[in-house]
Amino acid sequence: MRRFLVIAIPLATIILFLAVMLSGNYLKQPLGNNDDIPGLIDALIRDIQNEQWEIVGQKADELNKAWEKVVSRVQFSAERNEINNFNITLARLQGAILEKDRLSAIIELKEAYEHWSQLCR
Amino acid sequence: MNEGLVVLVRSIIAFFSLLIFTRIIGKEQISQLTFFDYVLGITIGSIAASLTTDLSSSAWPHWVGLITWAALGYLMEIVTLKWRYAAKVLEGEPVIVIMNGKIMENALKKAKYRISDILELMRNQGVFDPNEVDFAIIESNGQLSILKKAEHLPVTPKDMNIPVKNSGISTELIYDGILIEENLRQLNKDKNWLINELKAHGINDISEVFLVTLNPEGSIYIDKYDDRITKITDIGDYKGPF
């Protein structure tokens, strides 16, 4: 029994560590309500192209909240730079929406999608 | 992102990964390490440190680096165990630097040791006069082994034809007030025997004892918690508290 534990405990520990380090790619995907980042980005792009700025403002807030949820899940496996870059892109997006700047808003959303797809890879 | 929490979790990952990997790599003591083992240890430690605090990249690539270095270290160990020539190439060979009392200057140069280094290593071993040395060898771990000239070797009981008994290795019977019954059984003794021995030394209960050891010759060592020493020698220079 002791011999088994001497092997099993380190093995289980390593498996747990691997799960923590590699779970980010799974945890960044939508798992519940209001955490579908790519879905929200697509919806935002559609609404911006249709210039529905009131809905765009609401959806941008939803995107912010969804991002906070995802960050709390992936923080142990993600790199801080990608998280920071996504935060900066979101801030710039807010500015573009405030000024109803269609071009800049879409550029920021495309960049945000790229940061999301590079997260935990 | 809670950076403190992330560093805490990464520290746990790095600490236990390092512990597991170093246990797998080997049981060598620091004094047995070759120069390469030493560098390997520093590198693996450095990677573990980056894994802990470098949040600009994810933990995974650092961990891969850690396991790769540990695996290569383990591989080198296996290769040196199985293949003697590889061991000599990878770990180096012992070099004779004093032969028949003569210093081998070329060997010293090849090993990149100065004679002052050799004299220092000799002094570390209690040899202050090079005249006493017959052979000196720099081992692959950098330590100096010395064979003194016959006239400077200490007299042994065998030289004097004095009969001696082998004392063997002492085994702990009580450790920190707790009886280790397994060791008692190995020495073919029982608890009653031990209690009688303790009583003979004025001890009524096992919990009064800090350490009891017994060697195969039957010599028992007993240390109580209550040492009854009134004047304790203090070798410290300062009063403290520290």
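In the predicted model, helices H2 (residues 35-53) and H3 of chain B cross at roughly 165°. An angle over 145 degrees counts as roughly antiparallel, and H2(B) and H3(B) are therefore roughly antiparallel to each other. Their axes come within 9 Å. The crossing of H2(B) past H3(B) is left-handed. On the H2(B) side, the contact is made by Leu40(B), Thr43(B), Ile44(B), Ile47(B), Ala48(B), Ser50(B) and Leu51(B). H3(B) contributes Ala59(B), His62(B), Trp63(B), Gly65(B), Leu66(B), Trp69(B), Ala70(B) and Gly73(B). Ten residues of this contact are nonpolar and five are polar. No charged residue takes part.

Chain A holds a helix pair of its own. Helix H4 (residues 53-74) and helix H5 (residues 80-98) of chain A have axes that come within 11 Å. These axes cross at roughly 165°. H4(A) and H5(A) are therefore roughly antiparallel to each other. H4(A) passes H5(A) in a left-handed crossing. From H4(A), the contact draws on Trp53(A), Val56(A), Gly57(A), Ala60(A), Leu63(A), Asn64(A), Trp67(A) and Val71(A). They meet Ile83(A), Phe86(A), Leu90(A), Leu93(A), Gln94(A) and Ile97(A) of H5(A). By class, eleven of the residues are nonpolar, three are polar and none is charged.

The two chains also touch each other. Chain A gives 17 residues to the contact and chain B gives 15. On the chain B side, helix H1 (3-25) and helix H3 (59-82) each supply at least two residues. H1(B) provides the largest share, six residues. The chain B side comprises ten nonpolar and five polar residues, with no charged ones.

Chain B is divided into three domains: domain 1 (3-88), domain 2 (95-152) and domain 3 (171-224). The C-alpha centres of domain 1 and domain 3 of chain B are 41 Å apart.

Four strands of chain B form an open sheet in the order E2-E1-E3-E4, with antiparallel pairing. E2 (102-103) and E4 (144-148) of chain B stand at the edges. Each has a single partner strand, so one side of each is left without a neighbour in the sheet. Strand E1 (residues 95-99) of chain B is joined to E2(B) by two bridges, and the two strands run antiparallel. Within this pair, Met99(B) has Lys102(B) of E2(B) as its bridge partner. Helix H6 (residues 115-124) of chain B packs on the sheet. H6(B) touches E1, E2, E3 (133-138) and E4 of chain B. The direction of H6(B) makes about 70° with that of E4(B).

Further strand pairing in chain B involves E5 (residues 171-175). E5(B) pairs with strand E7 (residues 209-214) of chain B in the antiparallel sense, over four bridges. Glu172(B) stands opposite Thr213(B) in E7(B). Strand E6 (residues 178-179) of chain B is also joined to E5(B), here by two bridges, and again the strands run antiparallel. Ile174(B) has Leu179(B) in E6(B) as its bridge partner. E5(B) and E6(B) form a hairpin with two residues between them. In the turn, Asp176(B) has a positive phi of about 55°.

Definitions and conventions: Residues are numbered from 1 along each chain as its sequence is written. Chains are lettered from A and ligands numbered from 1 in the order in which they are written. This is a predicted model: local features need pLDDT of at least 70, side-chain atom pairs count only at pLDDT 80 or more; totals for chains, interfaces and linings use all residues. Domain bounds come from an automatic or database domain assignment. Axes are lines fitted to C-alpha atoms, for helices over the stretch in contact, and angles run from 0 to 180 degrees between N-to-C directions. Angles under 35 degrees count as roughly parallel, over 145 as roughly antiparallel, 65 to 115 as roughly perpendicular and the rest as oblique. A crossing is left-handed if the near helix is turned anticlockwise from the far one by less than a right angle, and right-handed if clockwise. Two residues are in contact if their C-beta atoms, placed from the backbone, lie within 7 Å. Ala, Val, Leu, Ile, Met, Phe, Trp, Tyr, Cys and Pro count as nonpolar, Asp, Glu, Lys and Arg as charged, and the others, Gly among them, as polar. Two strands pair if DSSP finds at least two bridges between them.
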